[in-house]
Amino acid sequence: MATQTLAEREEILRPTGVTPLLTTAQLMAVYGVSNWTVNEWVKAGCPVEPTAFRGRRFDLVKVRAWHADAAAALAATA
């Protein structure tokens, strides 16, 4: 079975109304950041979808919205 890209997964899931959830490693790859950075984002309020066994996944749409809000708040204070 071939590995699907994020875009392919989004296309497959679109008719169901479900968005794919990313692992920490996948989120790190999307943003080009380290595990430490993702952990700091979570501490700062980045939205997380909990999973079984203390796991966590990230909804990319929610993470992007969180980043946009954080950037707007930072710009407002500058």
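**Labels and their grounds**

Mentor: Start with the surface. The protein chain exposes about 5600 Å², and carbon and sulfur atoms supply 61% of that area. Keep in mind that this is a predicted model.

Trainee: Why is Trp41 called buried?

Mentor: Buried means under 20% relative accessible area. Trp41 has 14%, so Trp41 is buried. In the protein chain, 17% of the 78 residues count as buried.

Trainee: And Tyr31: why is Tyr31 called partly exposed?

Mentor: The value for Tyr31 is 27%.

Trainee: What makes Tyr31 and Trp41 an aromatic pair, and why edge-to-face?

Mentor: Take the distance, then the angle. Ring centres must lie within 6.5 Å, and these are 5.2 Å apart, so Tyr31 and Trp41 pair. Edge-to-face needs planes over 60 degrees apart; here the angle is 80 degrees, so the name holds. By this rule the count comes to one aromatic pair.

Trainee: Which parts does the pair of Tyr31 and Trp41 tie together?

Mentor: Tyr31 lies in helix α2, residues 24-31. Trp41 lies in helix α3, residues 35-43. The pair therefore ties together parts that are 10 residues apart in sequence.

Trainee: What does Trp41 touch, not counting residues up to four places away in sequence?

Mentor: Trp41 touches Leu27, Tyr31, Val33, Cys46, Trp66 and His67. Touching here means heavy atoms within 4.5 Å.

Trainee: What makes a set of residues a nonpolar core, and which residues make up the largest one?

Mentor: The members must be buried nonpolar residues, joined through side-chain atoms within 4.5 Å. The largest such core has nine residues: Leu22, Leu27, Val38, Trp41, Cys46, Phe58, Leu60, Val63 and Trp66. The largest share, three residues, comes from α4. As background, nonpolar side chains tend to be buried together in soluble globular proteins.

Trainee: Why is Phe53 called exposed?

Mentor: Exposed means over 50%, and Phe53 is at 84%, so Phe53 counts as exposed. Phe53 lies in the loop between β2 (49-50) and β3 (56-59). Phe53 has a positive phi of about 60 degrees although it is not a glycine.

Trainee: How far apart are the mean positions of the positive and negative charges?

Mentor: They are 7 Å apart, for 8 positive and 7 negative charges.

Trainee: How far apart are Glu40 and Glu10?

Mentor: In sequence, 30 residues; in space, 27 Å, C-alpha to C-alpha.

Conventions: Residues are numbered from 1 along each chain as its sequence is written. This is a predicted model: local features need pLDDT of at least 70, side-chain atom pairs count only at pLDDT 80 or more; totals for chains, interfaces and linings use all residues. Side-chain values use heavy atoms; hydrogens and water are left out. Rings of Phe, Tyr and Trp (its six-membered ring) pair if their centres lie within 6.5 Å; planes under 30 degrees apart count as stacked, over 60 as edge-to-face and the rest as tilted. Helices (H or I, at least four residues) and strands (E, at least two) are DSSP runs, numbered from the N terminus. Buried means under 20% relative accessible area, exposed over 50%, partly exposed in between (1.4 Å probe, protein chains only). Accessible areas come from the Shrake-Rupley method with a 1.4 Å probe; for residues, only the protein chains shown count as cover. Lys and Arg count as positive and Asp and Glu as negative; His and the chain ends are not counted. The place of a charge is taken as NZ of Lys, CZ of Arg, CG of Asp or CD of Glu.
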